[in-house]
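Subject: Structure for your files

Hello,

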Amino acid sequence: MKLGFIGTGNMASAIMGGIIKNQLIPAEEIIGADLFAPGRERVQKQFGIHVTDSNKEVVEKAEVIILSVKPQFYADVINEIKDDIKDNQIIITIAPGKTLAWLSEQFGKAVKIVRTMPNTPAMVDAGMTAACPNEHMTEEETTYVRTLLESFSRVEIIPERLMDVVVAVSGSSPAYVFILFVFLF
């Protein structure tokens with residue numbers, strides 16, 4: 001398997017859909033794990049990918065792993081898989097607030113990590129994703145990850161110090177507009 005997802009929710013589906021639609025990786029080379037059986041069944045039916053309820057199976061089979069679970073589950077998921085991560089695997093995260101330093105500390109060893117922040121318009125191929133690779137990523141690996149991300153959104157590689165700004169603007173700006181609208185009108 002070339003690509004694995006731990007978590008198969010909405011953002012994972014947007015990413016899978018873009019990658020498969022743009023023929024970057026065929027569905028039969030993608031595996032997704034989810035503890036929630038209806039979630040697994042939905043992506044298997046929708047995209048034709050392999051599914052499992054085992055995060056470790058994803059790590060065992062995939063070259064690139066996308067952690068697409070809610071941020072509050074990151075520590076538990078990483079603790080479960082960290083001993084099985086190989087030196088050549090790439091981890092892509094989509095959790096706001098989980099810094100490269102925090103992620104590295106959780107893995108407890110040198111791991112290739114790309115911290116990303118896609119926004120919800122990615123679900124309709126109109127998103128914007130900020131990405132920040134750690135020091136273990138090569139230029140070629142970063143380019144490959146960028147290509148994957150560009151299958152469902154525009155991509156900007158940024159320094160990590162700007163990631164919280166991206167989260168605030170892309171994730172919260174609709175709420176700010178709504179609040180202004182409510183108070184002004």
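In which sense do strand E5 (residues 90-93) and E6 pair, and over how many bridges? They pair in the parallel sense, over four bridges; two strands count as paired if DSSP finds at least two bridges between them. Between E5 and E6 the chain passes through helix H5 (residues 100-107), and this β-α-β crossover is right-handed, that is, with the strands pointing away from the viewer, the path from the first strand over the helix to the second runs clockwise. Helices (H or I, at least four residues) and strands (E, at least two) are DSSP runs, numbered from the N terminus.

This is a predicted model, in which local features need pLDDT of at least 70 and side-chain atom pairs pLDDT 80 or more, while totals for chains, interfaces and linings use all residues. Residues are numbered from 1 along each chain as its sequence is written, and side-chain values use heavy atoms, without hydrogens and water.

Strand E6: Val114 is the bridge partner of Ile92. E6 is also joined to strand E7 (residues 127-133) by five bridges, and these two run antiparallel; Pro118 has Thr129 as its bridge partner in E7. Seven of the seven residues of E6 are buried, so the strand is largely enclosed by the rest of the structure. Buried means under 20% relative accessible area, exposed over 50%, partly exposed in between (1.4 Å probe, protein chains only). Lys112, Val114, Thr116 and Pro118 point one way from E6, and Ile113, Arg115 and Met117 the other way.

Helix H1 (residues 10-21): its buried residues include Met11, Ile15 and Ile19. Just after H1, Gln23 has a positive phi of about 55°.

Regards
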